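Welcome! Take a moment to look over the sequence and the 3D view below, and then we can walk through them together.

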Amino acid sequence: MAGLYAERLAWRLMVESGDPVVYRVDAAPVPDTADQLPFAVTTIQPGSVGDELFMTRGHRHREPSGEVYVGLGGHGLMVLYDGDETRVVEISPGTVAYTPPGWAHRSVNTGTEPFRFLAVHPGGVGQDHASIAAGGCGARVLRAGDGCRVVPARTGRSSGKRASTAEAGAPGEVHRSPAEARREAGESRRRRRPAGSS
Ligand SMILES: [Fe+2]
């Protein structure tokens with residue numbers, strides 16, 4: 001995680017004062033081959049480095065492929081970035097969200113309890129972390145009072161870059177324009193299944 005947070009000094013001080021676990025990934029023992037569907041549960045702890053909320057490293061699949069996320073506990077955001085456009089999707093328990101092929105993705109805990117989600121993707125697609133470390137994921141999610149705000153991240157590709165910027169809100173809430181909400185509705189569907197359904 002070194003170098004991923006904007007506030008490098010705050011990161012170093014946090015590591016030197018105990019190096020807490022920011023997140024963990026519990027992967028199912030499923031072979032990472034094209035005929036399989038590897039899945040994992042990620043748990044991001046609540047907290048921040050300076051004002052920047054705890055997050056995953058983020059990655060892009062080496063072989064373009066989609067990925068399904070299901071919120072299990074807590075509240076967070078998924079930040080999606082295609083190198084030009086940034087999208088932000090809220091995830092709470094029961095939320096089903098989708099990452100389109102080719103988009104970088106990173107998750108952020110915006111709440112006060114552990115943020116847990118299930119992720120499922122085709123096997124054999126690989127993960128490219130280096131491009132996220134070098135170019136960012138389009139936006140940073142910062143603490144703002146009891147909520148958060150999303151700000152565009154510098155990527156060195158400022159010309160022509162489009163970013164959906166959320167304003168401060170309650171944990172797990174992101175305020176967006178009607179156009180942004182309609183666009184996201186096509187990629188994130190929320191469902192609460194009755195107990196016992198599959
Ligand atoms: Fe992924």
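## A first tour

Of the 198 residues in this protein, 29% are buried. What you see is a predicted model, with 3 helices and 16 strands.

Let's head inside. The largest nonpolar core holds 26 residues, and those with the most contacts within this core are L77, M78, V79, V89, I91 and V141.

The largest share, 5 residues, comes from β7. Which residues is I91 in contact with, leaving aside its neighbours within four places in sequence? They are Y69, G71, G76, L77, M78, A97 and F117.

β13 and β14 run antiparallel and are joined by 6 bridges; R143, for instance, has C148 in β14 as its bridge partner. Together the two strands form a hairpin with 2 residues between them, and G145 in the turn has a positive phi of about 65°.

Finally, a word on confidence. The mean pLDDT of the protein is 83, and 77% of its residues reach 70 or more. Over residues 156-198, however, the pLDDT is below 50, although this stretch has 69 contacts in the model beyond near neighbours in sequence. Where pLDDT is low, predicted coordinates should not be read in detail.

How values were computed. Residues are numbered from 1 along each chain as its sequence is written. This is a predicted model: local features need pLDDT of at least 70, side-chain atom pairs count only at pLDDT 80 or more; totals for chains, interfaces and linings use all residues. A nonpolar core is a set of buried Ala, Val, Leu, Ile, Met, Phe, Trp, Tyr and Cys residues joined through C-beta atoms within 7 Å. A residue is buried if 20 or more other C-beta atoms lie within 10 Å of its own, exposed if 12 or fewer, and partly exposed in between; C-beta atoms are placed from the backbone. Helices (H or I, at least four residues) and strands (E, at least two) are DSSP runs, numbered from the N terminus. Two residues are in contact if their C-beta atoms, placed from the backbone, lie within 7 Å. Two strands pair if DSSP finds at least two bridges between them. pLDDT is the predictor's confidence in each residue, from 0 to 100.
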